[in-house]
Amino acid sequence: VPVKTETVIPIVAAAAPTTETPNASIPEVPAAFKKKRGRGVKPPTKMMRMTTQAIIQWNMIEEGDRLLLGLSGGKDSLSLLHCLLEFQRKLPINFEIEVCTIDPMTPSFDPSPLIPYVESLGLKYYYIKDDIVDRANKSGSGGNVVSS
């Protein structure tokens, strides 16, 4: 099902510092990540080593690549984002990183605090609002909910 264009909110970062208090739904940055370096935070050495091994083994990033990272705001996607930013800073190859978050428009999950955070990193950000729960409820036959 195509997403309506009015639900896609492309956000180009202004990289202006923010004085807002972070939302409680975004986890606190672990102490190992607190060393500021360039954009964002520096991931722990062991995490960078493991990620580097996977990228080299599977030849995941090449010159001119454009990466789109699905960002939920959880520790996995945020860690991967900061590893990629560190690679972008250190590697002799050029590649682009863009970020996308799907807001399911449910009261139990509000990813909107990611907007100022990603803006502060200077990345192109796609924030897509899509009532996927309602769509899943309507898509099933015979009252069954569609899920994957």
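1. Two strands count as paired when DSSP finds at least two bridges between them. By that rule E2 and E3 pair, since five bridges join E2 to E3. The two strands run parallel. The model under discussion is predicted.

2. Overall organisation. The protein chain holds four helices and four strands. Read from the N terminus, the order of elements is β-α-β-α-β-α-β-α. Of its 148 residues, 29% count as buried. The accessible surface of the protein chain is about 9900 Å², and carbon and sulfur atoms account for 57% of that area.

3. Strand E3 and its partners. Besides its parallel pairing with E2, strand E3 is joined to E4 by six bridges, and these two strands also run parallel. Thr 101 stands opposite Tyr 127 of E4. Strand E3 covers residues 96–103. Is this strand enclosed or open? Six of the eight residues of E3 are buried, so the strand is largely enclosed by the rest of the structure.

4. Crossovers. E2, H2 and E3 form a right-handed β-α-β unit. E3, H3 and E4 likewise form a right-handed β-α-β unit. Strand E3 takes part in the unit with H2 and in the unit with H3.

5. The nonpolar core. In soluble globular proteins, nonpolar side chains tend to be buried together. In this model, the largest nonpolar core has 20 residues. Which residues have the most contacts inside it? They are Leu 71, Leu 81, Phe 87, Ile 97, Val 99 and Leu 123. Two or more residues come from each of helix H1 (45–57), helix H2 (75–90), strand E3 (96–103), helix H3 (114–121) and strand E4 (124–129). Helix H2 gives the most to this core, with six residues.

6. Leu 71 in the core. Leu 71 is one of the residues with the most contacts inside the core. Setting aside residues up to four places away in sequence, Leu 71 touches Ser 77, Leu 78, Leu 81, Val 99, Cys 100, Thr 101, Leu 114 and Val 118. Leu 81 and Val 99, both in this list, are themselves among the core residues with the most contacts.

7. Ile 102. This residue lies in strand E3, a strand that is largely enclosed by the rest of the structure. Ile 102 itself counts as partly exposed because its relative accessibility is 41%, whereas burial requires under 20%. Leaving out neighbours within four places in sequence, Ile 102 is in contact with Phe 109, Pro 111, Ile 128 and Asp 130. The C-alpha atoms of Ile 102 and Lys 129 are separated by 5.9 Å, although these residues are 27 residues apart along the chain.

8. The structure has six salt bridges. In one of them, Arg 66 is joined to Glu 96, with the closest N and O atoms 3.8 Å apart. Arg 66 belongs to strand E2 (residues 66–70) and Glu 96 to strand E3, so this pair ties together parts that are 30 residues apart in sequence. Arg 66 counts as exposed, at 61% relative accessibility, while Glu 96 is partly exposed, with a relative accessible area of 41%.

9. The side chains of Glu 86 and Lys 90 form a salt bridge, with an N to O distance of 3.7 Å. These residues are four residues apart in helix H2, and so are separated by about one helical turn. Is Glu 86 buried or exposed? At 2% relative accessibility, Glu 86 counts as buried.

10. Arg 135 and Asp 130. A salt bridge also joins the side chains of Arg 135 and Asp 130, at 2.3 Å from N to O. Arg 135 is partly exposed, with a relative accessible area of 30%. Asp 130 is buried, with a relative accessible area of 15%. Elsewhere, salt bridges that share partners join Arg 66, Glu 96 and Glu 98 into one network. Asp 130 is also one of the contacts of Ile 102.

Conventions
Residues are numbered from 1 along each chain as its sequence is written. This is a predicted model: local features need pLDDT of at least 70, side-chain atom pairs count only at pLDDT 80 or more; totals for chains, interfaces and linings use all residues. Side-chain values use heavy atoms; hydrogens and water are left out. Buried means under 20% relative accessible area, exposed over 50%, partly exposed in between (1.4 Å probe, protein chains only). Accessible areas come from the Shrake-Rupley method with a 1.4 Å probe; for residues, only the protein chains shown count as cover. A nonpolar core is a set of buried Ala, Val, Leu, Ile, Met, Phe, Trp, Tyr and Cys residues joined through side-chain atoms within 4.5 Å. Contact means heavy atoms within 4.5 Å. A crossover is right-handed if, with the strands pointing away from the viewer, the path from the first strand over the helix to the second runs clockwise. A salt bridge is a side-chain nitrogen of Lys or Arg within 4 Å of a carboxyl oxygen of Asp or Glu.
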